[in-house]
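Trainee: Please take me through this structure one question at a time, and give me the cut-off behind each term as it comes up.

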Amino acid sequence: MRTNKIKSAMFAISLMIAMFITDVAFGQLFTPYTISRTTNITYSSIMGSGGGTYPTNWNYGLLGDDMLTGKISLGGWSFNYDNANQTAFMISTNGFITFDTTLGNTTGSGCGGYGYCNDQSFSTTSGPRCIAPFYDDLVTCNNDYSNYASWPHVDSCVKYKITGGTGNHVLTVEWANMSHFSATTASISFQIKLYEWDYHIEFIYGAMTPGNVNNWSFSCGLNSNTTPYNATSRLLTQETVNTTNFNYTAQDGLSGMPTNNSMITFNRNTKDLGATSLVSPIADQCTYPTIDTVKVTVHNYGVSTQSFSDRKSTRL
């Protein structure tokens with residue numbers, strides 16, 4: 001009978017905590033973003049007269065393949081991502097940015113820290129923490145993938161731009177007229193935008209011409225080093241192209257092209273509490289304790305300060 005009492009007490013406590021979490025959490029538990037998709041947008045390039053800046057601190061030469069910039073400062077403002085205020089970023093020619101600013105010490109080719117193997121970040125948790133609108137084996141747009149010398153200089157294909165003032169900065173990163181390593185006619189252009197005031201993220205797609213590529217296998221989404229987007233995964237990745245179907249199942253094989261002039265928006269939830277651990281002494285007790293203390297660790301994944309008061313459980 002004592003065993004049944006203990007099980008009943010644990011059930012009551014678990015139910016109380018579940019009810020509490022349901023009251024305060026938005027969307028799926030541990031998901032700090034609400035995702036939407038828009039079509040028929042106007043794509044505004046920062047290339048040419050668009051006012052973007054060419055990165056000058058590329059690692060791994062200037063061949064336009066498997067390259068990563070050095071650390072680029074946000075210039076005094078920060079963007080909250082992965083439970084931290086990020087003040088610098090790096091750009092990969094393979095279609096993502098990362099806040100892991102030590103990646104320059106890794107190899108760029110193959111499946112290195114910023115190589116072409118998107119499964120390192122979107123099938124496992126061993127790769128770089130990245131924000132990726134289109135992570136694949138990309139190169140600067142070219143007519144002969146076997147002839148490196150014919151590839152346009154990377155500085156003509158990748159730019160970034162910081163606009164706005166205090167509290168309202170926006171970072172835009174653009175990949176223009178990129179191609180696949182095994183293509184001769186592909187040309188795709190896309191952007192990331194990060195917004196300081198509410199930490200939302202936009203993936204923006206311009207002209208997305210797939211060319212003669214039979215093996216596009218890209219990833220689209222967010223990867224985290226520390227934030228438990230759910231209990232077992234640190235991924236928030238698109239499962240089906242041109243949808244808002246993002247979840248925690250690894251996906252490194254999207255094959256269709258994002259629709260021309262479309263956008264995916266990740267809006268940070270303003271309030272999003274989630275319990276990250278539960279500790280109760282009664283699990284190992286043979287008799288029902290006189291006083292039972294349950295410790296619940298709660299984290300706020302939203303952008304607004306949020307508090308809660310404890311709720312007393314009733315002994316059964």
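**Burial, sheet and side-chain contacts**

Trainee: Is Phe96 buried or exposed, and at what relative accessibility?

Mentor: Phe96 counts as buried, because that word means under 20% relative accessible area, with exposed over 50% and partly exposed in between (1.4 Å probe, protein chains only). This is a predicted model, in which local features need pLDDT of at least 70 and side-chain atom pairs count only at pLDDT 80 or more, whereas totals for chains, interfaces and linings use all residues. Residues are numbered from 1 along each chain as its sequence is written, and side-chain values use heavy atoms, leaving out hydrogens and water. For Phe96, the relative accessibility is 0%.

Trainee: Which residue in β14 is the bridge partner of Asn223?

Mentor: Strand β13 (residues 219-223) runs antiparallel to strand β14 (residues 235-238), and 3 bridges join them. The partner of Asn223 in β14 is Leu235.

Trainee: How many residues apart in sequence are the parts that Tyr33 and Phe266 tie together?

Mentor: A search of the whole structure finds 12 aromatic pairs, where rings of Phe, Tyr and Trp (its six-membered ring) pair if their centres lie within 6.5 Å, counting as stacked with planes under 30 degrees apart, edge-to-face over 60 and tilted for the rest. The rings of Tyr33 and Phe266 have centres 6.1 Å apart and planes at 85°, so this pair is edge-to-face. Because Tyr33 lies in strand β1 (residues 33-39) and Phe266 in strand β16 (residues 262-268), the separation in sequence of the parts they tie together is 233 residues.

Trainee: What is the angle between the planes of Phe96 and Tyr135?

Mentor: Tyr33, at 6% relative accessibility, and Phe266, at 0%, both count as buried. Phe96 and Tyr135 form a tilted pair, 4.4 Å centre to centre. That pair links distant parts of the chain, with Phe96 in strand β6 (residues 96-98) and Tyr135 in strand β7 (residues 130-135), 39 residues apart. The angle between the planes of Phe96 and Tyr135 is 45°.

Trainee: With which side chain does the side chain of His169 make a polar contact?

Mentor: His169 lies in the loop between β9 (158-163) and β10 (170-180), and it is buried, with a relative accessible area of 15%. A polar contact is a pair of N or O atoms within 3.5 Å; within protein, one must be able to donate a hydrogen and the other to accept it, and residues adjacent in sequence count only if both atoms are side-chain atoms. The His169 side chain reaches the backbone oxygen of Gly165 at 3.2 Å, and its side-chain partner, at 2.7 Å, is Glu196.

Trainee: Which residues does Asn80 touch, not counting those up to four places away in sequence?

Mentor: Asn80, in strand β3 (residues 79-81), is buried, with a relative accessible area of 16%. Its side chain makes polar contacts with the side chains of Asn85 at 3.0 Å and Arg268 at 3.2 Å. Under the contact rule (heavy atoms within 4.5 Å), the residues touched by Asn80 are Asn85, Tyr199 and Arg268.

Key: Helices (H or I, at least four residues) and strands (E, at least two) are DSSP runs, numbered from the N terminus. Two strands pair if DSSP finds at least two bridges between them.
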